[in-house]
Amino acid sequence: MTADILKITDLSIHYDTPRGALKALRHVNVSVPRGKIVGVVGESGCGKSTLISTIIRLLANNAKVASGSIVFDDQDLLALSETQMRGLRGTDISMVFQDPMQTHNPVLTIGRQMTDIQYRDKSTTAEKRNRAADMLALVGIPDPVQRLDQFPHEFSGGMRQRIAIAMALMARPKLLIADEPTTALDATLEVQIIKRLHELQAEIGCSILFISHHLGVIAELCEEVVVMYAGEVVEQGSVRDVFHSPSHPYTKALLDCDPGHIKEKTRSLPTIPGEIPDLVNLPAGCAFAPRCSQVFDACRSNRPAWNECKPGHHALCHLAETETVS
Ligand SMILES: Nc1ncnc2c1ncn2[C@@H]1O[C@H](COP(=O)(O)OP(=O)(O)OP(=O)(O)O)[C@@H](O)[C@H]1O
Ligand SMILES: [Mg+2]
């Protein structure tokens, strides 16, 4: 048994567009160790959802795997048939999305949906209902037995998201993939859900791949963090190393824009000046160079290497080369 439940190596995904191939992911390496929580951060359009869709094989029709492999629990996911893949989704790999209505069927009661999800289980419907009620209680839904007979619209947004997490964890998956599950919620609820998710993860012992552009949430929940920019992983390491001593100027800029890091009160949140590059016509050299405050000549012409800042902490940046202590 390998140490990583998920190991993504050299993954490149291109979308076919009228203007040419849009390189949504380029040579991405991400590993999720068994029992650990790994966070992925990055601005809108950097490829977070593309990464997840590739893992669970729900990519758009115009997408093509240009290179790479995805090994989940010692199986090569890209080589599995659609039927084998369907067998994994919702059992060994569960998902939670930003909009819980994507998960819930509006015309079926929550109880019905939570018993249906246990279709592989041989126990009686009454036993499945009991298990569903227990799970609702575990995610903090009061009066769980009565609430099983209600429909999704009878719950608040925060409750629906907690139910989505309950449903994703019912199968006791080996890996939970969460794509911005708390982004649509208010801050207090977000904290509650993150806390609950942490407790459940510890209890079930699963691994989590958690996508968010909210750095505070990543810092709270995750042990490892992967920073993405324009389809590439630009920095990776422990949450402590990456957030306390960021190496890549992009990570520094992201942290400077985070509400949790802003000391003075401002009316509007700062954003990183400039825009992400055109992924059809990428610049030569470093993709972040046009926006980088520390840019120098080599950045515009040479691709940076994946440099080690310290053991377990890497950055795709020319500056990290000089920072390396040998
Ligand atoms: N089916 C598609 N065809 C063409 N381009 C696509 C397609 N899906 C996504 N893209 C492009 O791929 C890039 C990465 O998109 P993706 O949705 O993975 O980003 P993201 O990091 O999840 O963004 P967000 O934070 O907004 O959810 C973007 O430039 C996007 O416009
Ligand atoms: Mg997305």
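Helix H1 (residues 48–55) has seven of its eight residues buried, so this helix is largely enclosed by the rest of the structure. Buried means under 20% relative accessible area, exposed means over 50%, and partly exposed lies in between, with a 1.4 Å probe and protein chains only. The buried residues of H1 are Lys48, Thr50, Leu51, Ile52, Ser53, Thr54 and Ile55. Just after H1, Arg57 takes a positive phi of about 55°. Helices (H or I, at least four residues) and strands (E, at least two) are DSSP runs, numbered from the N terminus.

This is a predicted model, in which local features need pLDDT of at least 70 and side-chain atom pairs count only at pLDDT 80 or more, while totals for chains, interfaces and linings use all residues. Residues are numbered from 1 along each chain as its sequence is written, chains are lettered from A and ligands numbered from 1 in the order in which they are written, and side-chain values use heavy atoms, with hydrogens and water left out.

What does H1 pack on? To answer that, the sheet comes first. Strands of a sheet pair through backbone hydrogen bonds, either parallel or antiparallel. Two strands count as paired if DSSP finds at least two bridges between them. Four strands make an open sheet in the order S2-S1-S4-S5, and their pairing is antiparallel. Strand S2 (20–33) and strand S5 (75–76) stand at the edges with a single partner strand each, so one side of each has no neighbour in the sheet. Two bridges join strand S4 (residues 63–72) to S5 in the antiparallel sense, and Phe72 stands opposite Gln75 in S5. H1 packs on this sheet and touches strand S1 (4–17), S2 and S4, with its direction at about 115° to that of S1. Contact here means heavy atoms within 4.5 Å. Axes are lines fitted to C-alpha atoms, for helices over the stretch in contact, and angles run from 0 to 180 degrees between N-to-C directions.

Another open sheet has eight strands in the order S6-S7-S8-S3-S9-S10-S12-S11, and its pairing is mixed. S6 and strand S11 (306–310) are at the edges, each with a single partner strand, so one side of each is left without a neighbour in the sheet. On average, neighbouring strands of this sheet are turned by 20° against each other, direction ignored.

Strand S8 (residues 207–211) belongs to this sheet order. All five of its five residues are buried, so S8 is largely enclosed by the rest of the structure. In a regular strand the side chains alternate between the two faces of the sheet. Both faces of S8 are covered, with Ser207, Leu209 and Ile211 buried on one side and Ile208 and Phe210 buried on the other.

The partners of S8 come next. Strand S7 (residues 175–179) pairs with S8 in the parallel sense over five bridges, and Leu176 has Ile208 as its bridge partner in S8. Strand S3 (residues 37–41) also runs parallel to S8, joined by four bridges, with Gly39 opposite Phe210. S3 in turn pairs with strand S9 (residues 224–229) in the parallel sense over four bridges, where Val38 stands opposite Glu224. Helix H7 (residues 187–204) lies across S3, S7 and S8, and runs at about 155° to S8.

The empty spaces remain. Rolling a probe the size of a water molecule over the atoms shows where empty space is left. On a 1 Å grid over the protein atoms alone, a cavity is a set of points where a 1.4 Å probe fits but cannot get out; a pocket is an open set with protein on both sides within 12 Å along at least five of seven lines; lining residues have an atom within 4 Å of a point. Grid points are joined across faces, edges and corners, and a volume is the space filled by probe spheres set on the points.

The largest pocket has a volume of about 420 Å³. It is lined by 18 residues, of which His213, Leu254, Cys257, Asp258 and Pro259 are the closest to its centre. The second largest pocket holds about 350 Å³. Among its 16 lining residues, Gly90, Met95, Phe97, Thr103 and Ile117 are the closest to its centre. The structure also holds one cavity of 30 Å³ or more. Of the 15 residues that line the largest cavity, Pro249, Cys286, Cys292, Cys299 and Cys317 are the closest to its centre.
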